[in-house]
Amino acid sequence: MYTKSNPERPDSVPSYVPSAGIEEGNNVVFTCTGNVGKPQGKFRWVRYRRNSNDVTIQDTPYESQTTTAVQMPGTCTFNGTSSLTLKMYQLDNNAVVRCQVVYQDVPQELSYHQTQRINVYYSVRNVQLSKSPSNPTFSEGAGPITLMCSSDGNPAVINTGYTWYKESNTSVTLGTGPTYIINNVVVGETDNYICVAQNSFNGQTFNMNNSIHIQIDFTTTTSTTMPTTKIDTTSTKYNHKTSSIEKEKGWK
């Protein structure tokens, strides 16, 4: 007599090795176990890449993974095991990996377990600089110029992980933090300003930099020449005459 047994949800959340300290470029092995029913079902894997807001930006199924199974003594069902090896990339930071039962070629919608968001370390990159105001050039004596630096990395660059230099003298640190303010807006401050961003993990430190040019020009002033007044004697006599007439007519 043929006996049929329905599968169950996987035993637990998929385990993975290494389980911590995962870096970009590492291979991670995921394993899933559980009752796959009779006739023997299988496990299906899906990787969901998610952004920092937990919104899925890409999902990739892995249908070709094999499920090995053994019939459990004294039962009418098979216990299955499946493994999946994935190379980790920057986009896998915050990803989750799901193990789902497929029974008689039909994915069992509620029969799955998935990992928590996976933390993948990657070195600092995409260092971007901007300035405010965003003028192409500045006049000497203008108000403060604020330079801003941003980057991507996991772990994220902390405030003290940003360091500022002038290209003309990289031996002197101008300051730290994601912003640097040029208060003394004079021609001598014209230079390329460099922001170095740094993060660290697993005993390693990574740096990346970028620069922005700040051009400060002399303030130009335009002198105004007053026109020379030429005295017209004829007009003066006329004015004198007019003044006499005004007196005769009693104008005030």
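Modeller: A salt bridge is a side-chain nitrogen of Lys or Arg within 4 Å of a carboxyl oxygen of Asp or Glu. The model is predicted, so local features need pLDDT of at least 70 and side-chain atom pairs count only at pLDDT 80 or more, while totals for chains, interfaces and linings use all residues. Residues are numbered from 1 along each chain as its sequence is written, and side-chain values use heavy atoms, without hydrogens and water.

K166 belongs to strand β12 (residues 162-166), whereas E189 sits in the loop between β14 (179-182) and β15 (191-201), so the pair ties together parts that are 23 residues apart in sequence. Strands are DSSP runs (E, at least two residues), numbered from the N terminus. K166 counts as buried, at 14% relative accessibility, and E189 is buried as well, at 18%. Here buried means under 20% relative accessible area, exposed over 50%, and partly exposed in between (1.4 Å probe, protein chains only).

A search of the whole structure finds six salt bridges. Among them, E63 and R44 meet at 2.7 Å, N to O. This pair links distant parts of the chain, with E63 in the loop between β4 (56-62) and β5 (67-71) and R44 in strand β3 (residues 42-50), 19 residues apart. E63 is partly exposed, with a relative accessible area of 42%.

Definitions and conventions: Helices (H or I, at least four residues) and strands (E, at least two) are DSSP runs, numbered from the N terminus.
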